[in-house]
Amino acid sequence: MTRAFITGITGQDGGYLAEQLVAEGIVVHGLARALDNDTARDLLSRAPGVVLHQGDLGDADYLGQLIADVRPDEIYNLGGISSVAYSWQEPVLTARLSGLAAAVVLGAAWKLQEDSGRRVTCLQASSAEIFGHAAGSPQDESTPVRPVSPYGAAKAYAHHMAGVYRGRGLHVATCIFFNHESPRRPHAFVTRKITDAAARIGAEGSGVIHLGNLDVCRDWGWAPDYVDAMVRAIRHDIATDYVIATGQTHTVAEFAEAALRRAGLGDGWRDHIEVDAEFLRPAEAPDLVGDATKAHRELGWESTVGFEELVGRMVANDMELLQRSNG
Ligand code: NAP
């Protein structure tokens, strides 16, 4: 029976991935920082049978030994700091968790393959932030890597290590993810901050969303689609890099407009947005849009949820949560 190991299993993508793999009959193990919280309990109720191991991604000895003990066939490395904004507050921690931990995972996978004599396959969750101030638009697998944030730099190191271990004979695929969202996106991210606030403003008829740069363009997709891409990529005959993106960009202002309209604010949506210097970032990757032609061609992967639908699903979820909390 196939065995999978997931770091970051309690995150947005990790949860969807665990559910997909459990539904396929795969035995799923995952690393979780804590076992006695709502996130872990929710995960176990959505993906019954998942085996959670409590530990820290920054503990290299523990992580290496865990992979040796679990003996997975498929390893998905999704754990780490995933917020660009937070990476500016904790650049060293970001390097450790989003960069160095990938080297630990890949080293342990390679050793397991050597010791056991059977193939171990790996998927590194890479990021469009490795392109930073991208040399061209749209970005694809050949776009030069030149990050502009601590997060982008840590992910760039992990991305290069995936290539290094691939060269050493390990089956390592990467998905270079552009932004992807869902109702499970943490509130620290601008998209969820907007949909949560829009639901409240819609209910109360008043309120303002404080945002940073409204003109930043991002390529936003639906998280379960991106999880599906990971599974296709890790199981493809040839391990390589795949840009996973919708190819469509929208500004933060457009995201806020769509959310506020969905929450019932109509043309009055503009009155509910304010730019606040507190949320401007030191350096922002200005215009990220992905070209997923290679994933379409080689993996048969497609994005299935458009921008308006994605925003609508997130707002509807936050409206429902608000109604429930108001009794
Ligand atoms: P996420 O929701 O932030 O999940 C990150 C996961 O890492 C969580 O499970 C978190 O655990 C875990 N983690 C953080 N620090 C840890 C530590 N010290 N020890 C153990 N676990 C730790 O991220 P996501 O949105 O699912 O993204 C999945 C991957 O794709 C990430 O590598 C991210 O960088 C990459 N990616 C995502 C996007 C996107 O738009 N979502 C775009 C590009 C790349 P807790 O639950 O305990 O916090």
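How many of the six residues of strand β2 (residues 27-32) are buried? I looked this up to begin my notebook, and the count is five, so β2 is largely enclosed by the rest of the structure. I take buried as under 20% relative accessible area, with exposed over 50% and partly exposed in between, using a 1.4 Å probe and protein chains only.

A note on what I am reading: this is a predicted model, where local features need pLDDT of at least 70, side-chain atom pairs count only at pLDDT 80 or more, and totals for chains, interfaces and linings use all residues. Residues are numbered from 1 along each chain as its sequence is written, and side-chain values use heavy atoms, with hydrogens and water left out.

**Strands**

Next I looked for the neighbour of β2. Strand β1 (residues 3-7) runs parallel to β2, and five bridges join them. Two strands pair if DSSP finds at least two bridges between them. I found F5 with H29 as its bridge partner in β2.

Then I turned to strand β6 (residues 171-177), where seven of the seven residues are buried. H171, A173, C175 and F177 point one way, while V172, T174 and I176 point the other way. Strand β5 (residues 121-127) is joined to β6 by seven bridges, and the two run parallel. Here I saw T121 standing opposite H171 in β6.

**Helices**

My helices and strands are DSSP runs, numbered from the N terminus: H or I of at least four residues, and E of at least two. Axes are lines fitted to C-alpha atoms, for helices over the stretch in contact, and angles run from 0 to 180 degrees between N-to-C directions.

Which way do α7 and α9 lie to each other? Helix α7 (residues 190-204) packs on helix α9 (residues 252-262) at an angle of about 30°, with the axes 9 Å apart. That makes α7 roughly parallel to α9. Angles under 35 degrees count as roughly parallel, over 145 as roughly antiparallel, 65 to 115 as roughly perpendicular and the rest as oblique.

I listed the contacts, meaning heavy atoms within 4.5 Å. In α7, V190, T191, I194, T195, A198 and I201 meet V252, F255, A256, A259 and L260 in α9.

Last, I checked α9 against helix α11 (residues 307-325): their axes come within 9 Å and cross at roughly 50°. α9 and α11 are therefore oblique to each other.
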